[in-house]
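Please view the sequence and the structure together while reading.

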Amino acid sequence: MLDVNTLNKFIRKANPAHQQFCVWFATNNLFAKHQTRWNKLDPEIESFTTENFIRKHGCKYKNFWSIILPTLQHGWVLSTARLFDPAYNVIDKKKLKPRISLDYILIQLDDEILSDNIRQELKLHSTVIDSLMEHRHNFHAHNDANFANTRIEAGIENLFQWLEDIIEIIKKNKPYLNNCGVINIKYNEKLSQCGVDEVFETLLLGEKHEK
């Protein structure tokens, strides 16, 4: 039977995963507004050498954005993909090491009809989940020599919204789970956007003081 602790563990994994996605998304959007200006090279030098590579030379923030944006994406892809992992690794024959994933939640739910209904709905999101898994396995977790770095399919926002709704359905059908946490999509979006806005406002304010 699904217990309160297990469901809360899943919810505590899902909310940060969604926030990671929101922070990455908001950062990408705001960086796009400034990247042309920030990527300008100092016209006084033609190329970088160890001797002339000082703070005032080269693009603004140097390699910071080219490293941080892929790192943010790396985080949300790994965290989100884990939510949809099989409940057990194929080598865990005795099923002693369960994973906190939706599959494990549905196995523990002990309500075959509800579990089957949720699994059927999950198929509607298979395109985006499959693309996430492909990127996780071949690019973010391993450096597959033959992997073509294609885009992740659209639908992450809908997937998380569906996940929020599913948790509420489970709680509604199992009243003893009513006191469990929630996946709060609107809160995650607003919190993440506000945090990113504050970072960029501070960066732009600092530029004004430099002039």
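## A positive surface patch

A patch here is made of residues that have over 30% relative accessible area and no salt bridge, with like charges joined within 9 Å. In this predicted model, a positive surface patch is formed by K9, R12, K13 and R82. Helix α1, which covers residues 4–38, gives the most to the positive patch, with 3 residues.

R82, also part of the patch, is found in helix α2 (residues 64–82).

## Helix α2

The length of α2 agrees with expectation: at 1.5 Å a residue its 19 residues should span 27 Å, and its end C-alpha atoms are 27 Å apart.

Side chains of opposite charge can pair when their charged atoms come close. With a cut-off of 4 Å between a side-chain nitrogen of Lys or Arg and a carboxyl oxygen of Asp or Glu, the count comes to 5 salt bridges. One of them joins R136 and D85, whose closest N and O atoms are 2.5 Å apart. R136 lies in helix α5 (residues 126–140) and D85 in the loop between α2 and α3 (102–108), so the pair ties together parts that are 51 residues apart in sequence. R136 is buried, at a relative accessible area of 10%, and D85 likewise counts as buried, at 11%.

A salt bridge is also formed by the side chains of K174 and D111, at 3.4 Å from N to O. This pair, too, links distant parts of the chain, since K174 is in the loop between α6 (156–173) and α7 (185–210) while D111 is in the loop between α3 and α4 (112–122), 63 residues apart. K174 is buried, with a relative accessible area of 16%, whereas D111 counts as partly exposed at 22%.

## The pair of E153 and R151

E153 forms a salt bridge with R151, and the closest N and O atoms of this pair are 3.9 Å apart, a distance that falls within the 4 Å cut-off. E153 is partly exposed, with a relative accessible area of 29%, while R151 counts as exposed at 60%.

Conventions
Residues numbered from 1 in each chain as written. Predicted model: local features only at pLDDT ≥ 70, side-chain atom pairs only at ≥ 80, totals over all residues. Heavy atoms only, no water. Patch = residues over 30% accessible without salt bridge, like charges linked within 9 Å, V, L, I, M, F, W, Y side chains within 5 Å. Areas by Shrake-Rupley, 256 points an atom, 1.4 Å probe, with all protein chains shown as cover. Lys, Arg positive; Asp, Glu negative; His and termini not counted. Charge placed at Lys NZ, Arg CZ, Asp CG, Glu CD. Helix = DSSP H or I, 4+ residues; strand = E, 2+ residues; numbered from the N terminus. Expected span 1.5 Å × (residues − 1). Buried < 20%, exposed > 50% of the residue type's maximum accessible area, 1.4 Å probe, protein only.
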